[in-house]
Amino acid sequence: MQYKSLFDNQPDPALVVDKFNVIKLANKKASALFGFRTPEMMEGHFFLRLFSVNETARVKKTLVGLKRDAPVCVEDVSYKDELGVMHHLDLHLTATFDPILASDLVLVTVQIHKLDLEDGVNKNSLLAILNNLDASVVTYNRDGVCTFANDGFLKVNNKHYEEVVGRRRESWMSYEMAVKEEAKSAKVLISGLSSSDEMELSINRSHDSRYVISRFPIIGKNSSVPSGTGELITDVTRQRVQEEQLTLALNAFRLSRDAIVMTNDQNKIISVNDAFVRITGYSESEVLGNDPRLLASHRHDHHFYKRMWDSINQNNHWEGEIWNRRKSGEIYPEWLSISKIVDEIKDNIHYIAVFTDITQKKQTEDEIENLAFYDVLTGLANRYLLADRVAKSVQADLRSSATSALVYFDLDHFKKVNDTMGHSVGDKLLQEVAIRMKRLIREKDTLSRLGGDEFVLFMPDIDPNDIEARLHALVSQLNQPYTILDTEVTVSASFGVAVSPVDGGSYESLLRHADMAMYKAKEDGRNSVCFFNRKLEMKAIKKIKIDNELRYAIDAQELRLVFQPQLMLSKESVVGCECLLRWKSRVLGEVSPAEFLPVAEKSGLINSIGKWVLQQAVSKTKELLQINPEIKMAVNISASQLRSNDFLSSLLEICSDYEVPACNIELEVTESMLMEKADSTMKLLKSLADHGFHMAIDDFGTGYSSLAYLNWMPVSAIKIDREFVQDIHQNEKHRKVCVSIIRLARSLDIKTVAEGVESHEQLRILQQEGCDMIQGYHYSKPLSGSQMLLFCRESAELELKERGV
């Protein structure tokens, strides 16, 4: 087209349309007037569709009758733009022919009424408002072509104006969404009613969601025929998230298992949750407007609350354990956290308190503490709590020169109570002992049970002159009879005492020294009090050395047997001998059996030593049988050996190896051994007797002296202890004991053997009273193996001479 530059720059809006009413050309003024971003975007649109239906008919009629070179003016044509602003236009139509295109064309120039020119200021203002809205605005004509999009819409969809305006939806949004949007617009156009909808949009590949409210207003509604629809999209994601957070917070507040209470700046309750009602027993209506002090237990003084509020005011927070009171009056522990909330905008202050009922937690902690620091059976302190208290007190003693006493004691013959009366009686007895002791001790004293029947009494800060008197009072009380399950039980106790700081500067040393003293009390006859001294420590040290050296004694061939002959008084001939164990250590020298046998028993070495003794004794018996076929070898058996499962089989194997008949072996046991596990002991002794072994009761009269067992134990001999024999010629009571034992044995067809006969006067009395056999220095001291063989040989030869053989 010629003169296009002149066309583009003329002052009025101008368009060129063809005979089909299709816009072929438009200048900038025209595109701005009719809502197109550029003139080129108008090209291809139908000219008549720019106007309403009524105006279209009038303009179309004019165009049909238009003649070349005869301009016509269509006045006051109404036009409503995409913003709904009404314009009044005069259209000047001029028909012409374009030789280049060989086509009839119409030049349309537009003059805007003066009023509309003034309204243009309002339109610009409206555009500025729309572009600055916190919402997306877009309009479409009836064909679904976008006619306007504000900056908000373009920014949200990341599009340029040209990519949206003048195009249908499917060109810049997904097909599925375009179909849905088109359907909503069609519904609005058909119904003539605006609509709104809330939806969730996925805005990127990560499927991040935004929540929007879409409103679909009708645009250009004129003569009941709208020209199009608009869409106002408001992003409500922030509001939606805030609502969800508020709902979540309210649910968390209401459903929290922890009690929550909120107060205002006057510390008046303004809100509580369900857990508060459940824990305190107060309903919401009962506490609203009240001060939280209605929960106070009065267990805490004003200093406690002052520290609490100082922390809240300085740090905006306090947390700790507190005791409060329920509506029922019950006092309970809770873990409380208080936070101060300051609204800097409104200058408001609130306090939020969150607390948990920790009653069960405290009970569990107490139970754990009881298990960790207290004895389950008696409720007394255990060794861990005792150690802690003693350690702290001993350190204080060193600083203040005070004195404390640690007393180690156990019940004498407690095992007998358990074995004969049952463990239930034994447990009850321990509980009664604990109760009786707790009544007699001071409040600051600690009574502890270490285990079994072993107790420790710790008396801190005590006058050394009062210790012995207090302990003798305890001994006296413990000796009083107990009634256990309708049975009267009497026990005694042996006490060992160590004094701090003289006897030790630590719990371990005091306990060790008190233990030494206790065993000395037992050795001294039980039921007594013994104070630690350095001699006891030296004795204990020697026991340790004995234990260490005894482990190598057999391999080092330091052990040996000696044999003390036994004389039958009626024949005055050797009928047997007792083998006695001796030990000469390369380190310790000669060690008494009274020292090393208890150590061997306690350490477990007695079994291996006992087996070695049996082998040596049986071996020597074989040699003696060649001289005297009727001689018996007496061997002492320990309690540990009797408890061994293989004792009988081992003994039979040894006798078989040396071809020594069982009838020539006499096993010596003590009364106390017979009473330990009496049923199993009886079965073993009967089995031994069935195999031909003889049984003798050693040290008769010094143990239980329960004569009933003599009726059912296979006993062949009773040995009268040297304690009664040594002064039988001077002590009438001991003489009567010996006479009673001899007569009892004779009535049961049991032989008697008197030990420790050292004088002719003792021999005479025993012979006179009917004792069967004797052994002792008056007749012969213990002999070596070769000496014993010689002694038997000489005794046999002497007997033959006396017979005249």
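In strand β19, Val-456 is the bridge partner of Ser-448. The model is a predicted one, in which local features need pLDDT of at least 70, side-chain atom pairs count only at pLDDT 80 or more, and totals for chains, interfaces and linings use all residues. Residues are numbered from 1 along each chain as its sequence is written, and side-chain values use heavy atoms, with hydrogens and water left out.

Back to that strand pair: β18 and β19 (residues 454-459) run antiparallel and are joined by 5 bridges. Two strands are said to pair if DSSP finds at least two bridges between them. Both belong to an open sheet of 5 strands, ordered β18-β19-β17-β22-β23, and the pairing there is mixed. At the edges stand β18 (446-451) and β23 (529-531); each has a single partner strand, so one side of each is left without a neighbour in the sheet. On average, neighbouring strands of this sheet are turned by 20 degrees against each other, direction ignored. For angles such as this, axes are lines fitted to C-alpha atoms (for helices, over the stretch in contact), and values run from 0 to 180 degrees between N-to-C directions.

As background, most residues other than glycine have a negative phi, and most peptide bonds are trans. Ser-500 and Pro-501 are joined by a cis peptide bond, with omega about 0 degrees, and Pro-501 sits in the loop between β22 (493-500) and α18 (507-523). His-413, in the loop between β17 (404-411) and α15 (414-421), is not a glycine, yet its phi is positive, near 60 degrees. With a relative accessible area of 45%, His-413 is partly exposed; buried means under 20%, exposed over 50%, and partly exposed in between (1.4 Å probe, protein chains only). Glu-572 also has a positive phi, of about 55 degrees, without being a glycine. Glu-572 is found in the loop between β24 (559-568) and β25 (573-585) and is exposed, its relative accessible area being 56%.

Helix α18 also carries Lys-522, which is a lysine that counts as buried, at 15% relative accessibility. Its side chain makes a polar contact with the side chain of Asp-412 at 3.2 Å. A polar contact here is a pair of N or O atoms within 3.5 Å; within protein, one must be able to donate a hydrogen and the other to accept it, and residues adjacent in sequence count only if both atoms are side-chain atoms. Setting aside neighbours within four places in sequence, Lys-522 is in contact (heavy atoms within 4.5 Å) with Asp-410, Leu-411, Asp-412 and Ser-494.

A second open sheet, also of 5 strands, has the order β2-β1-β5-β4-β3 and is antiparallel. Its edge strands are β2 (23-26) and β3 (72-80), each pairing on one side only, and the twist from one strand to the next averages 30 degrees. Strand β3 runs antiparallel to β4 (residues 86-98), with 7 bridges between them, and Lys-80 stands opposite Met-86 of β4. Across β3, β4 and β5 (103-112) lies helix α4 (residues 53-64), running at about 160 degrees to β3.

Strand β30 (residues 717-720) pairs in the parallel sense with β31 (residues 751-754) over 4 bridges, Ala-717 standing opposite Lys-751. Strand β31 pairs with β32 (residues 773-774) in the parallel sense too, over 2 bridges.
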